[in-house]
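Subject: Structure handover

Hi,

Here is the structure I promised to pass on to you. Please open it beside this email, and I'll walk you through what turned up.

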Amino acid sequence: MDIDPDDIFRDDEDPENELYQERDATKEMLVYLVDASPKMFSTTCPSQDQEDASHFEVAVRSILVSLKTQIINRSYDEVAICFFNTREKKNLQDSNGVYVFNVPDREDLDRPTARLIKEFDCIQESFSKHIGSKYGILSGTRDNSLYNALWAAQALLRKGSAKTADKRILLFTNEDDPFGNITGVTKMDMMRTTIQRAKDAQDLGISIELLPLSRPDDDFNMSTFYADLLGLEGNDLAEFKALVGERFEDMKDQLRKRMFRKRKVRRINFIIASGISIELNTYALVRPTNPGAIAWLDSVTNLPIKAERSFFCSDTGALLQEPPKYFQTYKNENIMFSADEISEIKRVSTGHLRLLGFKPLSCLKDYHNLRPSTFVFPSDEEVFGSTCIFVALHSSMLRLKRFAVAFYGSPTHPQLVALVAQDEIVSASGQVEPPGMHIIYLPYSDDIRPIEELHTDTSPTAPRATEDHIKSASSLVKRVDLKNFSVCQFANPALQRHYAVLQALALDEDEIPDVKDETLPDEEGLARPGIVKALEEFKLSVYGENIDQEDELDTGKTSETSKKRKAVADNATKEYANYDWANLADEGKLKELTVAELKFYLTVHNLPVAGKKEALISRILTHMGK
């Protein structure tokens, strides 16, 4: 029986990325509420492509980018697009000045579709003709388009429970005083009813967030009205005012920050001592992003295919009726396990976070972190007093410069962890980092691999860097400096290419969008005279007069490698002609080929050849446009 011994103790019920899985509100219902007043069209500012764009155009572009991202990353979320201050009206309440944009065969609040994205992409061309722009709050009338818009958005979000879904309204506007044309008692009454409508929505578990559009020379005044609408005051208001001051062209980044919020992953118990435990909420600050799983479909019906596996006896060929046993090799013997025995072996931990003790921070090394940390924060929702105990521990650990050692994990995946306290970081623009603790996943003694130190020989023949080498290297390091570096600057080029191809196929686009590879070196920057000079001095310092000979040796090595690559490419081209690839793809027979045969196609078309068989087939089908 061909069973991978490494898979024996893998538990399907507890995947490795379980700490990244959201347990509470896993679905999001979002309403984009866009101001369509004439001021949104008349006000322009430079956009990212350095061309003047209206506030309405920037809002539409930002929503479009978010929809394209959402349809791939979080396709199960539901969205609605609602304009207010419009000439035409289209909403369930039949309210004036509110237009809910949608496409046929789709509910107003539903998952984003390719047709929705395609038609929304053209909304600016047809907006003035079919929807129109008009001020919805005028002197001498009782019409209140903002009130009507909040009411329509609340009605769109009425389905589903706030316990199982995050319900949100994102409001785009460049008017900080929507009631500026009205005075007296009428204005006060309209402001009061609008604020009350917003509070009613918030009481139902709907959060309202504002994305203010303002020019660098015209700040958006939150205190005029929207601070009361959102319930902002004190530090919260100061933090939001700093956001208003951000550059106009950062609107897409602001929207992305709101689209990918920190969400509570799960709730855990932290057992400090016998009879003392507190409740913590965990947050995943880093989530590995991978392409979606490949689903096999029937080539005729286009329905999903269900895979089943059966085991046959290698001697008799008979179908095995009894569940198979597993084995692991131990001292040249195959030790047999039944499913029940494996389950019993794996039951080690209770799943709670149990405190073992405290150690100085100097004992914690950078290389001890096995994977991205998990951020924890106290909650009094079920265990009253958790915050008080947590704050006491947190303050003491910061003061004494110590971290807590604890035992944590699922019953099948127990782990030793360190809890490192993080102090709050506040700047003039508000809170930068919140107070809390990070769970650092530590290795066991079985996981540690000692490094054999190289060049320990003190003889004169051992290679050593001279002071000149170090000086020239230091000059080069100082010159090649990444200004304002952040990991947030770099997107995964493979994922971006993957999403671009999916987007082109889903939206029937003629061309695949260009993907900017941010991981490529800055050739223009490296060509600056100062860097070129520092690089030449470093090479001359290391190689001296033999630099030309070194280059010749490198060229010889490169040519050998090139010959091998050319031989592989020539063989792939020869074998490629022996297959009818289009016919194999149409009949679904690519899966019958071996990995080596699939690589013939990939090599000829200069496509990546790494990955499992399913990934190679998907790559071929994508390249063929099938």
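A crossing is called left-handed if the near helix is turned anticlockwise from the far one by less than a right angle, and right-handed if clockwise. Please keep in mind that this is a predicted model.

On the α18 side, the contact is made by V595, L598, K599, Y601 and L602. From α19 come K613, L616, I617, R619, I620, H623 and M624. Sorted by class, the α18 and α19 contact holds eight nonpolar residues, one polar and three charged.

While you are there, have a look at the loop between α18 (595–604) and α19 (613–624), where N606 lies. N606 is not a glycine, yet its phi is positive, at about 55 degrees. Most residues other than glycine have a negative phi. With a relative accessibility of 70%, N606 counts as exposed.

N85 also has a positive phi, about 65 degrees, although it is not a glycine. You will find N85 in the loop between β4 (78–84) and β5 (98–101). Is N85 buried or exposed? Its relative accessibility is 8%, and the cut-off for buried is under 20%, so N85 counts as buried.

The next helix pair is α12 (residues 467–479) with α15 (residues 529–543), which pack at an angle of about 160 degrees with their axes 9 Å apart. Angles over 145 degrees count as roughly antiparallel, and that is how α12 runs relative to α15. Here, too, the crossing is left-handed. The residues of α12 that take part are D468, H469, S472, A473, S475, L476 and R479. They meet G530, I531, A534, L535, E537, F538, S541 and V542 in α15. This contact divides into seven nonpolar, five polar and three charged residues.

Now for the aromatic rings. How many aromatic pairs are there? The count comes to 13. One of them joins F56 and F127, with ring centres 4.9 Å apart and planes at 55 degrees, so the pair is tilted. F56 sits in helix α2 (residues 55–73) and F127 in helix α4 (residues 123–130), so this pair links distant parts of the chain, 71 residues apart. F56 is buried, at 1% relative accessibility, and F127 is buried as well, with a relative accessible area of 2%. Ring pairs also link F56 and F127 with F41 and F83 into a cluster.

Another pair to look up is F179 with F225. Their ring centres are 5.2 Å apart and their planes stand at 75 degrees, so this pair is edge-to-face. F179 lies in the loop between β6 (165–173) and α6 (184–203), while F225 lies in the loop between β7 (206–212) and α7 (226–230). The pair therefore ties together parts that are 46 residues apart in sequence. Both F179 and F225 are buried.

Happy browsing, and do write back with any questions.

Best wishes

Notes
Residues are numbered from 1 along each chain as its sequence is written. This is a predicted model: local features need pLDDT of at least 70, side-chain atom pairs count only at pLDDT 80 or more; totals for chains, interfaces and linings use all residues. Side-chain values use heavy atoms; hydrogens and water are left out. Axes are lines fitted to C-alpha atoms, for helices over the stretch in contact, and angles run from 0 to 180 degrees between N-to-C directions. Helices (H or I, at least four residues) and strands (E, at least two) are DSSP runs, numbered from the N terminus. Angles under 35 degrees count as roughly parallel, over 145 as roughly antiparallel, 65 to 115 as roughly perpendicular and the rest as oblique. Contact means heavy atoms within 4.5 Å. Ala, Val, Leu, Ile, Met, Phe, Trp, Tyr, Cys and Pro count as nonpolar, Asp, Glu, Lys and Arg as charged, and the others, Gly among them, as polar. Rings of Phe, Tyr and Trp (its six-membered ring) pair if their centres lie within 6.5 Å; planes under 30 degrees apart count as stacked, over 60 as edge-to-face and the rest as tilted. Buried means under 20% relative accessible area, exposed over 50%, partly exposed in between (1.4 Å probe, protein chains only).
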